[in-house]
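Thanks for coming. I will keep this short, and I will start once the structure is on the screen.

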There are 2 protein chains.
Amino acid sequence: METRELRYFVAVAEELHFGRAAERLAMAQPPLSRAIQQLERRLGLLLFHRTARGITLTDAGSVLLLEARTVLDAVEAAERRTRRAADRPGVVLAAKAGASSELLSKLLDAYAAEPGAVAVDVMLCGPGETEGLLRTGRADVALLHRPYDTTAGFDTEDLYSEGQVVVLPAGHALANRPQLSMAEVSALTDPPLPRWPRRDGSYSDGVGPQVRDHTQLTQLITLGRACAVMPESLGAQLRVDHAVVPVPDAPAVTTVIAWQPLTRTKAVADLVRTATRL
Amino acid sequence: METRELRYFVAVAEELHFGRAAERLAMAQPPLSRAIQQLERRLGLLLFHRTARGITLTDAGSVLLLEARTVLDAVEAAERRTRRAADRPGVVLAAKAGASSELLSKLLDAYAAEPGAVAVDVMLCGPGETEGLLRTGRADVALLHRPYDTTAGFDTEDLYSEGQVVVLPAGHALANRPQLSMAEVSALTDPPLPRWPRRDGSYSDGVGPQVRDHTQLTQLITLGRACAVMPESLGAQLRVDHAVVPVPDAPAVTTVIAWQPLTRTKAVADLVRTATRL
DNA sequence: GCCGGCGATACCGCACCGGTATCGGTCCTG
DNA sequence: CAGGACCGATACCGGTGCGGTATCGCCGGC
């Protein structure tokens, strides 16, 4: 199987329409149809159910869609990492904007003091993006936050674990409570909890404001338009003008440093070692 | 980058010789040279240092070698898994021959009793092979043994942890000791410790007999030609005619169940859940 | 019954892949 | 120091196959 074929297949599988897929691939529809047929013939199975009105994925096709995506990610990562190795400008570290800033600065300082330290490009990104950056080789190392980020497929080391708090407007009815339960927090509506985008970028139905990153969330909280559950360290930054109440039964948030398995770079190893020693 | 180019590159990088690589690929040398040149041109960097007497990998080339191998493994896995999804004969579970046999039979029985259980093909293999089987999609799930197997890049759940023992001939001078240290065990020469193959299949220099799998090891121990450190559960099978002495400072061996991250198969999930409940 | 939408088929030209023959440079050897 | 062996690069050529346009077959809706 050639990556070209996999790229074609993923386009068709995602669009479920040969014409649109061909357009996305900047090519005509007939060669695309033929390429998929050839792929099916070589695999000896059908990837799509064809009706005159459209196509759907077969079971085998659904499996190949998942597998093909990981292959294409790996190819992209291979290309990026090879290019980076030729330029040697150092490592790229990805982290969610706004999160773990104290840990991050400590890590960067400590690593810079290591013998043989190379330049570290810090890549700040929105929530949920970090995983993809690491998977496609745009970043070499990342700071992730379990259970918000999924660490499947990466090697990780736990760095720091903390409880969560809920941030409320200063005068809120629950502001003076010593602690709140998740049940109480989930029921909040006055300033409601925000809605985060799903993996595909869409939002669930509901009443809370839609937010895409931590900056937006902070602003909404400051405006008194949202409450939010967040790790202690983030809540601490908002203590002025807000009430911050612990939520003991919320899942603990663990900051981990993650990297692609089988990475053999000295710089990545040094960074991880430095981080675990903090 | 097409997988064909990556296959060519890996062959050349491993042989470090265009002629031999071409032979291995069953093609002539000139098109191979040209393909590599084209790859280098597209990447905008050199993958090999060329001298008139031979070639060596550049830094970028070394990186690409690692990355390309993971890409090719992923492609192979994609093909295998897609084919398997079309046939639907169930899941393939890989395990080291001879190891964890009790755990394995319990797992298979318990899983078979689950509602919605599918057929489980058990694939018994030599030590060190399991990892590759999982990585290339020949197996869906595997029982691995840390720290002997590396679990990098897989999702795992710990199943069972046990100490290690050393197995000695019945009349051995140390046979009556209540326990032994790793230092004492490492110094054994009368029946020496065996030598296991490295990843590439070669053996280190030394005096011990060369073994490839557990059957060979068992036979050598029975013949009084080798001592060996192994998990308690394995040592227990050899208790007749041998002395089995605990080695408390040997690393504990943990049997884990492992699978490829991002696998969404119900059968794999059921197997893992069943295993963790044992 | 006609039209519109979708995927498949037919056919064509050209790029690219792989083959053979050969070159250029370096090291070993007599 | 000349000759040869070895190795990778270059030159050139034929065939495969990829992508393009034109068109068909099929089904549903108006």
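How are α1(A) and α4(A) oriented to each other? Bear in mind that this is a predicted model. Helix α1 of chain A covers residues 3–15 and helix α4 of chain A covers residues 59–87. They pack at an angle of about 130°, and their axes are 9 Å apart. Angles over 145 degrees would count as roughly antiparallel, and 65 to 115 as roughly perpendicular; α1(A) and α4(A) are therefore oblique to each other. Their crossing is left-handed.

Now the residues. On the α1(A) side, the contact is made by T3(A), L6(A), R7(A), F9(A), V10(A), A13(A) and E14(A). On the α4(A) side, the residues include L64(A), L65(A), A68(A), R69(A) and L72(A). By type, the residues of this contact are ten nonpolar, two polar and three charged.

Next, the domains. Chain A is divided into domain 1 (3–81), domain 2 (89–159 + 253–277) and domain 3 (164–247). I will stay with domains 2 and 3 of chain A. Their centres, taken over C-alpha atoms, are separated by 27 Å. Nine residues from domain 2 of chain A and ten residues from domain 3 of chain A take part in the contact.

How much area do domain 2 of chain A and domain 3 of chain A bury between them? The value is about 570 Å², with 54% of it on carbon and sulfur atoms. On the domain 2 side, P127(A), Y148(A) and V253(A) lose the most area to domain 3 of chain A. Together, those three residues account for 52% of what that side buries.

That is what I have for today.

Methods
Residues numbered from 1 in each chain as written. Chains lettered and ligands numbered in written order. Predicted model: local features only at pLDDT ≥ 70, side-chain atom pairs only at ≥ 80, totals over all residues. Heavy atoms only, no water. Axes fitted to C-alpha atoms, helices over the stretch in contact; angles between N-to-C directions. Helix = DSSP H or I, 4+ residues; strand = E, 2+ residues; numbered from the N terminus. Parallel < 35°, antiparallel > 145°, perpendicular 65-115°, else oblique. Left-handed = near helix turned anticlockwise from the far one by under 90°. Contact = heavy atoms within 4.5 Å. Nonpolar A, V, L, I, M, F, W, Y, C, P; charged D, E, K, R; others polar. Domains from an automatic or database assignment. Buried area = accessible area lost by both parts, 1.4 Å probe.
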